[in-house]
Amino acid sequence: MRDSVDISGQRDRLLFGQAHLGNSGHGETNAVAMMSDETEICGCNGVCKGTIVNDIVEKKLFTLDDVRAHTKASSSCGSCTALVEQLIAFTLGSDYSDSPKTKPLCGCTEYSHDDVHRVIRKQHLTSTRAVMDFMDWKNPDGCHVCRPALNYYLLCAWPGEFKDESQSRFVNERVHANIQKDGRYSVVPRIWGGITTPQELRAIADVAEKFEVPTVKFTGGQRIDLLGVEKQDLPAIWGELNKVGLVSGHAYGKALRTVKTCVGSDWCRFGTQDAIGMGIKLEKLTWGSWTPHKFKMAVSGCPRNCAEATIKDFGVVAVDSGWELHVGGNGGIKVRVTDLLCKVETEEEVLEYCCAFIQLYREEAHYLERTAPWIERVGLAHIQKKMVEDADNRKALYERFLQSQQYV
């Protein structure tokens, strides 16, 4: 629910693709092979290449889950997942077959993400219990891996029938705040397109003073972050912010995070289109939507790209003749530049393509798979075929997205 705070109730895992690992003409596998044994692969847990390779060989590890269990590599933030998978493939050669299409969703089932998603739709299963019973779940109560995934797949398939299970969400999503390393929380109100008002700023300042918030920071996504909030203060803080219309920025969720904008043609002498207006329209149309992983957008008012639209999940770049639409980018440890999806002329087309892209991503990607690895897995041509070349399918995706937005 958009405005309410559920305090009833772990981390925000990141999955990155395998692109850009090879440098200076080396292929991806060769780049991994050329690393020294002392090269640190997992920064979170301090695991080097040699440790991973030795454990794979000596302990006969054949899957990513095995490697995570024995070495802890890729078990925290997950940003090194692609590297670890390539090390497994390099070490095992033809014995490695940990494909996302065949790999079980978790230890509770033999079925993959694709299998589960398909069965939910085909059998019209509308509850976690129904899925587990129909698919003969080994653990009748599921686990921390499958329950959030099932919750997402059910919400995506049947938004008007399935009731969101808060106990199947990470603590961040239950309390509408991001847990920090000391156990306190970070609160980020939604600020549409980066545009705020004196009234909103006063409300944020009043909350920071009243609850003695130790740090107030501007984020990289043009939002304001209140850091160091005690868990017991979260309902009261959101209550105060709600009074002036400030709602959650979902800075913790598998959902739309922010829509970053430059000042565009309103103020910039180089701006060709209204970047601020477009960013606000996109954010108000898509906020609150659940997605397989976090989803970021940006709108730049000219090709100078000050809003960094070409490293976002969906980026819009204004040109004289309309808008360029870019998909599948992300920042972080392994930066991936977007692919150009297409060019359009009108604002209405931008909104339609954006919603259709989000819906296609929601329906086809695996839970906890960002747009970058999803596009690398299915291919840009697959997405263009379903969205750019097939106008009827694009409009159908758009309508399904709008329909689902009635229930968030």
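1. Because the model is predicted, local features are taken at pLDDT of at least 70 and side-chain atom pairs at pLDDT 80 or more, while totals for chains, interfaces and linings use all residues. Residues are numbered from 1 along each chain as its sequence is written, and side-chain values use heavy atoms, with hydrogens and water left out.

2. Helix 9 (residues 198-210) packs against helix 10 (residues 234-242) at an angle of about 155°, the axes being 9 Å apart; this makes helix 9 roughly antiparallel to helix 10. Helices here are DSSP runs (H or I, at least four residues) numbered from the N terminus, axes are lines fitted to C-alpha atoms over the stretch in contact, with angles from 0 to 180 degrees between N-to-C directions, and angles under 35 degrees count as roughly parallel, over 145 as roughly antiparallel, 65 to 115 as roughly perpendicular and the rest as oblique.

3. On the helix 9 side, Ala203, Ile204, Val207 and Lys210 meet Ile237, Glu240 and Leu241 of helix 10, contact meaning heavy atoms within 4.5 Å. By class, this contact of helix 9 with helix 10 has five nonpolar, no polar and two charged residues, where Ala, Val, Leu, Ile, Met, Phe, Trp, Tyr, Cys and Pro count as nonpolar, Asp, Glu, Lys and Arg as charged, and the others, Gly among them, as polar.

4. For helix 2 (residues 49-58) and helix 3 (residues 64-71), the axes come within 10 Å and cross at roughly 115°, which makes helix 2 roughly perpendicular to helix 3. Ile52, Asp55 and Ile56 of helix 2 make the contact with Val67, His70 and Thr71 of helix 3, and the residues divide into three nonpolar, two polar and one charged.

5. Helix 2 has as its buried residues (under 20% relative accessible area, with exposed over 50% and partly exposed in between, for a 1.4 Å probe and protein chains only) Lys49, Gly50, Ile52, Val53, Asp55 and Ile56. Just after helix 2, Lys60 takes a positive phi of about 55°.

Notes: Helices (H or I, at least four residues) and strands (E, at least two) are DSSP runs, numbered from the N terminus.
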